Amino acid sequence: MSQDAPKILIIGLGTGGLYASRAAQRFNRKTQITIIEKRDYHMFSPCGIPYAIEGMVGSFEELKPSVPTTRSLQIRLSNEATEVDAEGKRVKVKNLETGEEEWLEYDKLILATGSRSKILPVPGAHEFLGKGIYVVTTPEEGETLRDVALKSKTAAVIGGGAIGMEIALALKHLGVDVHITKRSEPSLPRNLDPDMGKILTEHLLEKELNVYFGKGIDSINGADKVESVTIAGEVIPVDFAVMAAGVDSNIGLAEKAGVASERGSIKTNKKMETNVPDIYAVGDNCWTHNMIDDTPARVALATTAYRQAMVAGVNAAGGDKEYEGSLGTFVTSIGDLEVSATGYNTSLAEAAGFKVISGRANTVNKPNWIPDAKAISVKVIADVDTGRLIGGQSIGAEGTDWRINMIALGIRKGMTIEEFASVELAYCPPVSELYDPLLMATDVALRRLAGARRRR
């Protein structure tokens, strides 16, 4: 690699591709970067699509920010990378407008190819794609779904993750009668404990959604288009269905180049390097590791892609940086509720070998004599052996995000539950409570920790 002006080629202009380019440029201003993107526009915000469907965002075009180019940064839109010659350190690129192909050389290659909607292996799922089954991964797909919803009365949303619930409530806002289904019973089972997930499920029922959690979809039915779905043996007429059951990594290009994968995603080390020299991967397409215990982790969040990209970009430009791992810290807005979590929930912590205790506070986010005080539930999880904080969850109308961010910081710093209980928080009645719900939950956990240790 030329130390004066290294050539970095990035495939994919999402969060990972964008921030990898910025990190590389900041580390070495002489770096020459080319980004290859199949779309005919720069960026878009996937997380904003449900809110554009609902109408909270005025236009789907507002979800498409542009990225300024410079002499050292070229962006090739409507171009597709079709082949990687790892030995020759070059990529074949096809211009989708002209059909012309060319080879682009690189010193370092960053794969930021993202993911695609998972299509469940149930009868009718593949057959009715485009014939009443919709996926929502781009603004164009979101706009199509909104147009269909405005002309429809009933729908099924298949998948009860954050995106599925956001889309279900967006469709309900448009006047559609929504049936939402997923095979596992608690809401967000990889993030929330059942007692916290129950709050979210009850909220969906209050919003008059038809909830079928713990009842997987059997089939999608119809003649020429979707006419009904079968959930746990019950046939439910619907005008259309949305497949929102998660994502699969886009790794076809990487695998053909000899890049190793595992369980459908690219394997990387802490420098975001793959097994092939000078090839990195970031974002939804790859495995990395959990910050708590260093175990393999795949987290399809923009915040994770951003942090991985900042590591890969620096390293591709000649630096030496390691990704510290992911906690899966997230927040989503589902109807009138904020839902947030970080680290391990109880079941995943126990599966990872931890003996856990938890503390939960169900209260209000401000003094109850403040007129706009709202209910909030906060839960913290700790390891009994070390007392170390390893997870947290919060659900409420407002203020869950900063509390989860505090827990994430505590985990990142390796704080024990005792240390976390002494954190000083700001207080003002219109803003917060003197004895904050976060500290209430922590104190409950602290008492349970002491009890667990006495019983040993």
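**Group meeting: a walk through some helices and strands**

Okay, let's start with helix H1, residues 15-27: at 1.5 Å a residue its 13 residues should span 18 Å, and the end C-alpha atoms are 18 Å apart, which agrees. The expected span here is 1.5 Å times one less than the number of residues. And when I say helix or strand, I mean DSSP runs (H or I with at least four residues for helices, E with at least two for strands), numbered from the N terminus.

Quick housekeeping. This is a predicted model, where local features need pLDDT of at least 70 and side-chain atom pairs count only at pLDDT 80 or more, while totals for chains, interfaces and linings use all residues. Residues are numbered from 1 along each chain as its sequence is written, and side-chain values use heavy atoms, with hydrogens and water left out.

Back to H1. Its buried residues are Gly-16, Gly-17, Leu-18, Ala-20, Ser-21, Ala-23, Ala-24 and Gln-25. Buried means under 20% relative accessible area, exposed means over 50%, and partly exposed is in between (1.4 Å probe, protein chains only). What do the buried residues of H1 pack against? Strands E1 (7-11), E2 (32-36), E3 (73-76) and E7 (108-111), plus helix H7.

So let's hop over to H7, residues 302-316, where we find Thr-304. Is Thr-304 buried or exposed? Thr-304 is buried, with a relative accessible area of 5%. Leaving aside neighbours within four places in sequence, Thr-304 is in contact (heavy atoms within 4.5 Å) with Val-299, Tyr-323 and Ser-326.

Next up, strand E10, residues 154-158. Five of its five residues are buried, so E10 is largely enclosed by the rest of the structure. Both faces are covered: Thr-154, Ala-156 and Ile-158 sit on one side, with Ala-155 and Val-157 on the other.

Who are E10's partners? Two strands pair if DSSP finds at least two bridges between them. E10 runs parallel to E11 (177-182), joined by five bridges, and Ile-158 has Thr-181 as its bridge partner there. E10 also pairs in the parallel sense with E16 (240-243), over four bridges, and Val-157 is partnered by Val-242.

Now helix H5, residues 194-206. Its buried residues are Met-196, Gly-197, Leu-200, Thr-201, His-203 and Leu-204. Seen down the axis of H5, they fall within an arc of 155°, so they line one face of the helix; the arc is that of the directions from the helix axis to the C-beta atoms. The face turned away from that buried side carries the exposed residues Pro-194, Lys-198 and Glu-206. After H5 comes Glu-208, whose phi is positive, near 65°.

Last stop: an open sheet of five strands, in the order E23-E24-E27-E26-E25, with antiparallel pairing. Which are the edge strands? E23 (330-334) and E25 (356-364), each of which pairs on one side only. Seven bridges join E26 (375-383) to E27 (389-396), and Ala-382 stands opposite Leu-389 in E27. Finally, helix H11 (437-454) lies across E25 and E26, running at about 150° to E25. For that angle, axes are lines fitted to C-alpha atoms, for helices over the stretch in contact, and angles run from 0 to 180 degrees between N-to-C directions.
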